[in-house]
Each structure stands twice: as structure tokens, then as C-alpha cells.
Amino acid sequence: MSAQNQIRRITAPQITDRKGGDPIVCLTAYDAPTAAILDEHCDLILVGDSVGMVVHGLTTTVGVTLDMMILHGQAVMRGAHRALVVVDLPFGSYEDSVETAFKNASRVMMETGCQAIKIESGSYAAETVRYLVERGIPVMSHVGLRPQSMNVLGGFRARGRTQAVEDEIIANAIAAAQAGSFAVVVEGTSVEIAEKVTKAVDIPTIGIGASSGCDGQILVTPDMLGLFDRVPKFVKKYGQMGDLIEKAVSEYAADVKSRNFPFDENTYTFKK
Ligand code: KIV
């Protein structure tokens, strides 16, 4: 296939151009078949470090490694051919120096083929964003509730209850935008703060538990598909995947136990 015949993916600058326009549709994915289904409907697919919790059964994202992100990033890139694919840099892979951040971000891009990375952005992060963008790595930032910092923040609680924290969230978003981020995720904050951030920056805001005041929305896909009983309260369940799997598996187990193999008629027979 020539380069011209390949389906062109949505690019990071195209997402930036959507500021204030049509809402940007985003979801997370961690494997090829799910990514293939999301691809037609999503502008941006995030290989989130939420993979640690929703796929690997960890209680936080802190234990997620770079190798895990690369493996899942590769799978998603095999399934998605249209959406912009962004891979999260996990905890410990970018915070200590801009050089470490570049080494790990470039490894993620080279080994997965993804088009951008995401980092959780405290005030220290602007320098890292600028360093990566200047060297060819599009960066999506992430402010508000930053799950990788949950041990400092005291848990997965919505943020911005005091004026000081509200100011910090807005300042972090402005710094991330000025440093060259192509978009910023705003997680777990109030409608007012999400709207203020959206007004304050000239890049799209992608909300999660942060209201329709943002330029786009993202959810953790297994949460919105109903794989789990308990999900954050802002999540609408668009399906009941947990119930579906439970019903299918219990029917299958009953069939096997009663030697009722409806698939016997399609089993191989060899003429000798
Ligand atoms: O890891 C993730 O899935 C995320 C989204 C919640 C934005 O960062």
C-alpha cells in the first residue's frame, strides 16, 4: 500500500483547531478489538494508565509501568486507523527531568507508533511540555484530579473546593497551554472551574467528571460500558457489559456441565 492510499489519522493540530467548535469525542482503549470499534466514533483514543486499574486489577495507577503502556499502545495502534491515538506516560517516567521525559516519551512513540503522549501536569510540568513539543512530541496535559498524585492529594476526590486549589488548577492549565500542549484533560472538578479553564486557555479542554463546559469529553471505556458495578458518579453506563458477560458465561458453564454442546454439529469430521 502506498503512503497516499493509507487512511490518514486525525492529527494533534487538528484537535487543537477544534477549540470552541464541535465537541471532541474521546474514549480510552487498551486492546486492538476495542480500539477498532471505537475508531469510527472517536476523534481521540487515549491509552490511559487507567489500564492498571480496569484491566490489571491494580487499586491505583501508581504501579503502571512504561512497558505496560507500550504493550497496550501497540495493541491499540493495530486496531485504530483513523482516530488520534495518545498514550499516557506512567508515574515515575517523566517527572524527574526533561531528559528522562524525552527518553521515555520518544520510546513510547517509536515502539507504538502513537502520535502523542499525555502527562499529568503539576506546575513543574510546563518545562517538560515545552521540551517535548520542541523535539517533535505532541503533548496532551492533564489537570484537576491527577490520579498519579492520589497519595499526595489524599485519594480520588474531586478538586477545587478552596480558592487556592481552584487558582492552582487554572494556573496549571494556562502554563500547560502556553508551553505548547495541543489539548488539556480537566478531571474531577466543578462546572465553574471547568468553564473557567476552558475560557482561560486557547487549546481544547477534554473533560472527565468536569461538565459539558469543556470542548470535549472522555470516559474510561469499561466504566461507560458497564463492566463494573461501581463507577464514579458522573459516569453514564451506556451498556451492561458486566451483566452480559455474566449471563453468557453462566449459560456456557451450564452447557458444558450438562454435556449440551450445541456446537457439536459444527465439529470436524475426517473422512479416512
Ligand atoms: O488514564 C486514563 O484513563 C485517563 C483518563 C481518565 C483521562 O487519564
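Guide: Happy to! Let's begin with helix pairs: an axis is a line fitted to C-alpha atoms, for helices over the stretch in contact, and angles run from 0 to 180 degrees between N-to-C directions. Keep in mind that this is a predicted model.

Visitor: At what angle do the axes of α8 and α9 cross?

Guide: Helix α8 (residues 163-178) and helix α9 (residues 191-200) cross at roughly 30°, and their axes come within 9 Å. Angles under 35 degrees count as roughly parallel, so α8 is roughly parallel to α9. The crossing of the two is right-handed.

Visitor: Which residues make the contact?

Guide: From α8 come Glu166, Ile169, Ile170, Ala173 and Ile174, while α9 brings Ile193, Lys196, Val197 and Ala200. Sorted by class, the contact of α8 with α9 holds seven nonpolar residues, two charged ones and no polar ones.

Visitor: Now the strands. In what order do they close into a barrel?

Guide: Eight strands close the barrel in the order β1-β2-β3-β4-β5-β6-β7-β8, with parallel pairing. On average, neighbouring strands of this sheet are turned by 25° against each other, direction ignored. Leu46 has Val86 in β3 as its bridge partner.

Visitor: Which helices pack on the sheet and touch β4?

Guide: Helix α5 (residues 98-112) touches β3 and β4 (116-120), and its direction makes about 145° with that of β4. Helix α6 (residues 125-134) touches β4 and β5 (139-144), with its direction at about 170° to that of β4.

Note on methods. Residues are numbered from 1 along each chain as its sequence is written. This is a predicted model: local features need pLDDT of at least 70, side-chain atom pairs count only at pLDDT 80 or more; totals for chains, interfaces and linings use all residues. Side-chain values use heavy atoms; hydrogens and water are left out. Two strands pair if DSSP finds at least two bridges between them. Helices (H or I, at least four residues) and strands (E, at least two) are DSSP runs, numbered from the N terminus. Contact means heavy atoms within 4.5 Å. Angles under 35 degrees count as roughly parallel, over 145 as roughly antiparallel, 65 to 115 as roughly perpendicular and the rest as oblique. A crossing is left-handed if the near helix is turned anticlockwise from the far one by less than a right angle, and right-handed if clockwise. Ala, Val, Leu, Ile, Met, Phe, Trp, Tyr, Cys and Pro count as nonpolar, Asp, Glu, Lys and Arg as charged, and the others, Gly among them, as polar.
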